Amino acid sequence: MDWWDGTVRASSEHAAAAARARQQQLTKPPGSLGKLESLAIQFAGWQDRSDPRLDKVEIRVFAGDHGVVAEGVSAFPQAVTVQ
């Protein structure tokens, strides 16, 4: 069973702290990856491991124009949707 299929359990503060410390040891300026660093720390807590893993990741991006330009809601012209 994979970690996301199991029962929801409390986040491991120990694993999150270890992941936070690990972030400080990586060869990069602290905080340079922004939200990605905090997500890695959260995943570490959820997975109860200092080096979280995501073996299969799918990202899907959807965009659509539902008449918002005509309503004056969008800051950009309709041509930007296609771009």
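Trainee: Are R60 and E58 buried or exposed in this model?

Mentor: This is a predicted model, and in it both R60 and E58 are exposed. The side chains of these two residues also meet in a salt bridge, with 2.8 Å from N to O, and together with K56 they are linked in a network of salt bridges.

Trainee: What is the general idea behind such pairs, and how many salt bridges does a search of the whole structure find?

Mentor: Side chains of opposite charge can pair when their charged atoms come close. Here the search of the whole structure gives five salt bridges. One of them joins K28 to E37, whose closest N and O atoms are 2.8 Å apart, and E37 counts as buried because its relative accessibility is 9%, where the cut-off for buried is under 20%. Another joins D51 to R49, with the closest N and O atoms 3.5 Å apart; D51 is partly exposed at a relative accessible area of 35%, and R49 is likewise partly exposed, at 32%.

Trainee: Which rings form the aromatic pair, and why is the pair called edge-to-face?

Mentor: Ring planes over 60 degrees apart count as edge-to-face. The count comes to one aromatic pair, and the rings of F43 and W46 have centres 5.1 Å apart with planes at 75 degrees, so this pair is edge-to-face. Both residues lie in helix 2, three residues apart, which is about one turn of the helix. W46 counts as partly exposed, with 40% relative accessibility.

Trainee: Where is S12 found, and what is it in contact with beyond its neighbours within four places in sequence?

Mentor: S12 is found in the segment before helix 1, which covers 13–25. A polar atom of the S12 side chain lies 3.0 Å from the backbone nitrogen of A15, while, once neighbours within four places in sequence are left aside, S12 is in contact with G45 and D48. S12 has a relative accessible area of 14% and is therefore buried.

Trainee: Which residues make the nonpolar surface patch?

Mentor: A patch takes in residues with over 30% relative accessible area and no salt bridge. In this model L54, V57, I59 and V61 make a nonpolar surface patch of about 460 Å². Among them, L54 is found in the loop between helix 2 (35–47) and helix 3 (79–82), and L54 counts as partly exposed because its relative accessibility is 47%.

How values were computed
Residues are numbered from 1 along each chain as its sequence is written. This is a predicted model: local features need pLDDT of at least 70, side-chain atom pairs count only at pLDDT 80 or more; totals for chains, interfaces and linings use all residues. Side-chain values use heavy atoms; hydrogens and water are left out. Patches are made of residues with over 30% relative accessible area and no salt bridge: like charges are joined within 9 Å, nonpolar side chains (Val, Leu, Ile, Met, Phe, Trp, Tyr) within 5 Å. Accessible areas come from the Shrake-Rupley method with a 1.4 Å probe; for residues, only the protein chains shown count as cover. A salt bridge is a side-chain nitrogen of Lys or Arg within 4 Å of a carboxyl oxygen of Asp or Glu. Helices (H or I, at least four residues) and strands (E, at least two) are DSSP runs, numbered from the N terminus. Buried means under 20% relative accessible area, exposed over 50%, partly exposed in between (1.4 Å probe, protein chains only). A polar contact is a pair of N or O atoms within 3.5 Å; within protein, one must be able to donate a hydrogen and the other to accept it, and residues adjacent in sequence count only if both atoms are side-chain atoms. Contact means heavy atoms within 4.5 Å. Rings of Phe, Tyr and Trp (its six-membered ring) pair if their centres lie within 6.5 Å; planes under 30 degrees apart count as stacked, over 60 as edge-to-face and the rest as tilted.
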